[in-house]
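Open your viewer and get ready to click along. We will go from one selection to the next and say what is there.

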Amino acid sequence: MKEDIKVKEAQSSRTPNSGKKMTSKQVVAIIGIVLLVLMYIAALIAAIADSSASGHLFRMCLYATIVIPILIWVYTWMYGKLTQKHTFADFDLGGNAEEEQKKD
C-alpha cells in the first residue's frame, strides 16, 4: 500500500515532457510567439508614449501577425518534405495517401 502511494507521488511529480527534448518545430513556434508578443508590447509602449512612430509600429505588428505564422507553416512544410515525414502542414488533411492505400 505504501509502495503504491510512493509510485503515484513519483509519477505525479513528473512533468509530461520530462526527459524529452524540444523539437525544432516547437522552438520555431515559441520564437514566433515571442516575436509577436514583443512587437505588440513595443507598439503599445509607443502608443502610450504618444510617439509619432506608433502608427507605423502597429502596421508592422498587423503585417507580422499574418507573415510570421505563414513562415512557420512554410518551415514546417519544408521540414516535412526534406525529411519525408508527415507534418500538420501537409496538404493531405487525413494523413498520407500511401498509408491509406496500404490499409485497403
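Select I33: is this residue buried or exposed? I33 counts as exposed because its relative accessibility is 53%; exposed means over 50%, buried under 20%, and partly exposed in between, using a 1.4 Å probe and protein chains only.

Before moving on, note that this is a predicted model, where local features need pLDDT of at least 70, side-chain atom pairs count only at pLDDT 80 or more, and totals for chains, interfaces and linings use all residues. Residues are numbered from 1 along each chain as its sequence is written, and side-chain values use heavy atoms, leaving out hydrogens and water.

Now select residues 24-48, helix α2, where I33 is found. Helices are DSSP runs of H or I with at least four residues, numbered from the N terminus. The 25 residues of α2 should span 36 Å at 1.5 Å a residue, and its end C-alpha atoms are 36 Å apart, which agrees. That expected span is 1.5 Å times one less than the number of residues.

Next, colour G32, L36, A43 and A46, which are buried in α2. Show α3 as well: this helix is part of what covers those buried residues, through contact (heavy atoms within 4.5 Å). In general, an α-helix has 3.6 residues a turn, so residues three or four places apart point the same way.

Step just past α2 to D50, which takes a positive phi of about 60 degrees.

Finally, go to Q84, in the loop between α3 (54-83) and α4 (97-103). Q84 has a positive phi of about 55 degrees, although it is not a glycine. With 75% relative accessibility, Q84 counts as exposed.

Technical notes
Helix = DSSP H or I, 4+ residues; strand = E, 2+ residues; numbered from the N terminus.
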